[in-house]
Amino acid sequence: LRQLCKQIKSAGQFVFSHLWLHFMFADDLQRLFSTRDPYEILGLQHDAAAQDIKRAYYRLAKVHHPDKSSDDTGTEKFQALGKVYAILSDDEKRKVYDQTKAFDDETPAVDWQKFNTGISEEDIIQFKSAYQRSADEEADVKRTFVKVAGDMNKLYEYVMCSDPLEDEERFRTMIARWIESKEVEDYPAFSKETAAKQKRRMDKARKERAAADKAAKKDKKSDEDLGDLVLQLRANKSKYDSFLDDLERRVTEAAPTKKRGAADGAARTGKKGR
């Protein structure tokens, strides 16, 4: 399990550390321009020529320049446009955006095919089996419940290995016990959640499971390509950030000191090789 953790961290730690920038910037674009699509912001098609991108950027930059714009968000828009242009004007960064829809301009282009973590489906199943119904999971659910103020939809986004179809009744029983013992607050988002909202959550989970099952039938490779994994994680970024951090912490604490030092030395040697 320690080796599994090291494989994930060594191959993708740098990528995951930048994913949060993508999500924050995407939200900023939506707030400022009512779209997350940088091409749409510039008024261009996705196959626009480099010269068209440059002209569109300069035109909008003049409109939103802090010295000329009377809009309260003019400065923010001007800065966001600069980042959009930095991405679309760079061939490699534009290619990354076109392929992954990720626009962190501080992250260099990555050839996902070069990475292979060697993580099998069995590895993930074993970890999930050990984690679920454990004291660690219970602590994570409690901490997350407070963090999201009782919003069950958000709770499932943060708690790793969670699934409404499998865990709804179990989680609700735990949470009700904590509320009764006053370990957590009785948030209205939880206690007053409507049956219709619960049904929507379950329907969405069923659709996602059906889509995953369909994809699994088309591709039965045991080892997952890291590029495909990253694209999947983009929809559940917070949950898998927690997965990486918690997995390494727990395994490191459980590992003997001598073995830990040897593994860390090997990891450092690997980094120098890269």
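Reader: Which residues does E137 touch, leaving out those up to four places away in sequence?
Author: In this predicted model, E137 touches Y131, Q132, R170 and F171.

Reader: Where is the place of E137?
Author: E137 sits in helix α7.

Reader: Buried or exposed, E137?
Author: Buried. E137 has a relative accessibility of 1%, and the cut-off for buried is under 20%.

Reader: What lies 3.2 Å from the backbone nitrogen of E137?
Author: A polar atom of the S134 side chain.

Reader: And where is S134 found?
Author: In the loop between α6 (121-131) and α7 (135-147).

Reader: Is S134 buried or exposed?
Author: S134 is buried, with a relative accessible area of 16%.

Reader: Back to the helix. How do the axes of α7 and α9 cross?
Author: At roughly 70 degrees, and the axes come within 11 Å. The two helices are therefore roughly perpendicular to each other.

Reader: Why does 70 degrees get that label?
Author: Because angles from 65 to 115 degrees count as roughly perpendicular. The crossing of α7 and α9 is at roughly 70 degrees.

Reader: Left-handed or right-handed crossing for α7 and α9?
Author: Right-handed.

Reader: Which residues of α7 and α9 meet?
Author: From α7, E137, E138, V141, K142 and F145. From α9, they meet R170, F171, M174, I175, R177 and W178.

Reader: How many residues apart are D167 and R170 in helix α9?
Author: Three. That puts about one helical turn between D167 and R170 in α9, which covers residues 164-180.

Reader: Buried or exposed, D167 and R170?
Author: D167 and R170 are both buried.

Reader: What does V184 touch, leaving out residues up to four places away in sequence?
Author: K142, F145, V146, I175, W178 and I179. Among these, K142 and F145 belong to the α7 side of the α7 and α9 contact, and I175 and W178 to the α9 side.

Reader: What separates the C-alpha atoms of V184 and A149?
Author: A distance of 9.7 Å. Along the chain, V184 and A149 are 35 residues apart.

Reader: Back to salt bridges. How many does the count come to?
Author: The count comes to 18 salt bridges.

Reader: Which residues are linked in a network of salt bridges?
Author: K128, D163, E166 and R209 are linked that way.

Reader: Why would such side chains pair?
Author: Side chains of opposite charge can pair when their charged atoms come close.

Reader: Now helix α1. Which residue meets D28 in a salt bridge?
Author: R31. The distance from N to O is 3.4 Å. D28 and R31 are three residues apart in helix α1 (residues 2-33), so about one helical turn separates them.

Reader: How exposed are D28 and R31?
Author: D28 is partly exposed, at 30% relative accessible area. R31 is also partly exposed, at 48%.

Reader: What about D27, which residue is its salt bridge partner?
Author: D27 pairs with R36. Their closest N and O atoms are 2.8 Å apart. D27 is partly exposed at 42% relative accessible area, and R36 is partly exposed at 39%.

Reader: Another helix pair. At what angle do α3 and α4 pack?
Author: At about 170 degrees, with axes 9 Å apart. That makes α3 roughly antiparallel to α4.

Reader: Which residues make the contact of α3 and α4?
Author: On α3, I53, K54, Y57, L60, A61 and H64. On α4, G74, K77, F78, L81, G82, Y85 and L88.

Reader: Whole protein now. How many helices and strands?
Author: There are 14 helices and two strands.

Reader: What share of the residues counts as buried?
Author: 40% of the 274 residues count as buried.

Reader: And which share of contacts with a separation of 6 or more comes from residues 24 or more positions apart?
Author: 68% of those contacts.

Technical notes:
Residues numbered from 1 in each chain as written. Predicted model: local features only at pLDDT ≥ 70, side-chain atom pairs only at ≥ 80, totals over all residues. Heavy atoms only, no water. Salt bridge = Lys/Arg side-chain N within 4 Å of Asp/Glu carboxyl O. Buried < 20%, exposed > 50% of the residue type's maximum accessible area, 1.4 Å probe, protein only. Helix = DSSP H or I, 4+ residues; strand = E, 2+ residues; numbered from the N terminus. Polar contact = N/O pair within 3.5 Å; in protein donor to acceptor, adjacent residues only side chain to side chain. Axes fitted to C-alpha atoms, helices over the stretch in contact; angles between N-to-C directions. Parallel < 35°, antiparallel > 145°, perpendicular 65-115°, else oblique. Left-handed = near helix turned anticlockwise from the far one by under 90°. Contact = heavy atoms within 4.5 Å.
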